[in-house]
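Visitor: I would like to learn how to read a structure like this one, feature by feature. Could we begin with the terms and then turn to the case at hand?

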Amino acid sequence: MEGQTKCTYVLSFVPNCSTKTWKSPDGTFTKKVLEPGSGLDKPRDRSQCCIFIDNSLKDASSVEVNFPYTVNQWVNIILGESDTEFGVILDKCLETMLRGEKSLVLVKHATSLHPLSCNQSEFTFAVHLADFSQVKDSWEMSFEEKWDLIIKDKEKGSENFKAGNIFGACRRYGRALKYLVTLTHYVPAGMVKEYGEMMIVLYLNLAACQIKLCQYGHVIQNCSKALELSPGNVKGLYRRGQAYTFRNEFEKAKDDLKNVLQLEPGNRAACQQIKILENKIRAQDTKLAKAMSKLFS
């Protein structure tokens with residue numbers, strides 16, 4: 001990108017038959033092209049973009065939105081570096097835009113962790129993509145380049161997790177894993193051990209986020225993958241045991257938690273989780289007994 005673009009932003013949206021509308025595959029937003037861009041290239045992950053966000057399109061029912069970037073003026077951002085839900089949605093939108101394009105964006109809904117508004121489920125803003133830098137596609141990157149990105153995302157994921165930004169942490173760990181998987185057949189002989197350890201850590205860190213997001217099926221899946229690489233991994237057994245408990249798969253939960261205590265006798269977290277498990281089993285037995293007494297009374 002050759003410097004920051006300087007120009008006057010004018011929004012002039014007049015619906016007509018030539019207006020192009022595009023809905024994101026995940027349904028989170030709809031984009032209406034106000035002015036088409038030029039060329040064939042579009043920004044991709046890590047591209048530096050010069051953009052203008054106009055959030056003045058509000059009516060009486062609109063709510064205030066905390067944008068992660070400065071609005072109503074030109075700013076340079078890097079795609080993929082925002083760890084908020086709005087930032088991710090904006091990234092997805094920009095990845096569909098051509099150089100010079102102006103679009104109106106209707107955001108449909110938000111997650112419970114990082115709601116875009118407190119009272120409503122949609123809002124509208126306009127965005128102008130003036131310019132962006134060209135970056136390598138994933139398949140063009142060397143092992144070293146991808147490894148550096150993996151390390152960066154892992155560190156940022158841990159920062160987000162400690163700060164309570166589970167959405168951002170999950171996103172970072174997930175992206176690091178995607179990069180790591182693409183390196184499976186290209187690992188240098190001297191990094192095989194480090195590569196395997198990184199894989200285990202990312203699976204377990206992602207599972208820790210998914211427990212907080214109540215995505216217990218994903219927790220079980222990722223912990224199982226970690227345990228395939230590291231049988232007897234205490235964190236993997238414990239987190240999977242937690243997930244099984246939440247899913248009322250009591251026998252599987254009991255097996256995992258007992259294995260934790262065999263490996264680490266006196267593990268406090270496992271002891272507490274077993275108490276939770278036992279309480280859930282008793283509650284289920286009591287409920288079943290009441291149902292059976294009504295059935296035969």
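Guide: Let us start with burial: a residue is buried under 20% relative accessible area, exposed over 50%, and partly exposed in between, with a 1.4 Å probe and protein chains only. Helices (H or I, at least four residues) and strands (E, at least two) are DSSP runs, numbered from the N terminus. With those terms, V234, G236, L237, Y238, R239, R240, G241, Q242, A243, Y244 and T245 of helix 6 are buried.

Visitor: What kind of model is this, and how are its residues numbered?

Guide: This is a predicted model, in which local features need pLDDT of at least 70 and side-chain atom pairs count only at pLDDT 80 or more, whereas totals for chains, interfaces and linings use all residues. Residues are numbered from 1 along each chain as its sequence is written, and side-chain values use heavy atoms, with hydrogens and water left out.

Visitor: How many helices and strands does the protein have, and in what order do they run?

Guide: The protein has eight helices and six strands, and from the N terminus on they follow the order β-β-β-β-α-β-β-α-α-α-α-α-α-α. Of its 297 residues, 45% count as buried. Contact means heavy atoms within 4.5 Å, and among contacts with a separation of 6 or more, 67% are between residues 24 or more positions apart.

Visitor: How should I read the length of a helix, and which helices are largely enclosed by the rest of the structure?

Guide: The expected span of a helix is 1.5 Å times one less than its number of residues. Helix 6 has 13 residues and spans 18 Å from its first C-alpha to its last, close to the 18 Å expected; because eleven of those 13 residues are buried, helix 6 is largely enclosed by the rest of the structure. Helix 3, with 16 residues, reaches 22 Å, close to the 22 Å expected, and since 14 of the 16 are buried, helix 3 is likewise largely enclosed.

Visitor: What do the buried residues of helix 5 pack against?

Guide: As a general idea, an α-helix has 3.6 residues a turn, so residues three or four places apart point the same way. In helix 5 (residues 216–229), the buried residues are Y216, V219, I220, N222, C223, S224, A226 and L227, and these pack against helix 4 (192–212) and helix 6 (234–246).

Visitor: Which residues have the most contacts inside the largest nonpolar core?

Guide: In soluble globular proteins, nonpolar side chains tend to be buried together. A nonpolar core is a set of buried Ala, Val, Leu, Ile, Met, Phe, Trp, Tyr and Cys residues joined through side-chain atoms within 4.5 Å. The largest one here has 45 residues, and those with the most contacts inside it are W147, I150, L180, Y195 and L202. Helix 4 gives the largest share of this core, eleven residues. Setting aside neighbours within four places in sequence, W147 is in contact with L180, L183, M191, E194, Y195 and M198. Another core, of 22 residues, lies apart from it, and F29, F67, L90 and C93 are among its members.

Visitor: Is V105 buried or exposed, and which residues does V105 contact?

Guide: V105, in strand 5 (residues 102–107), counts as buried because its relative accessibility is 1%. Leaving aside neighbours within four places in sequence, V105 is in contact with F29, T30, C93, F123, T124, F125 and V127. The C-alpha atoms of V105 and K31 are separated by 4.6 Å, although the two residues are 74 apart along the chain.

Visitor: Where do positive phi values occur in residues other than glycine?

Guide: C214, in the loop between helix 4 and helix 5, has a positive phi of about 65°. N248, in the loop between helix 6 and helix 7, has a phi near 60°, and N248 counts as partly exposed because its relative accessibility is 40%.

Visitor: Where is E95 found, and what does E95 contact?

Guide: E95 is in the loop between helix 1 and strand 5, and its relative accessible area of 34% is why E95 counts as partly exposed. Beyond neighbours within four places in sequence, E95 is in contact with K42, P43, R44, D45 and L79. E95 and R44 are 51 residues apart in sequence and 5.7 Å apart in space, C-alpha to C-alpha.
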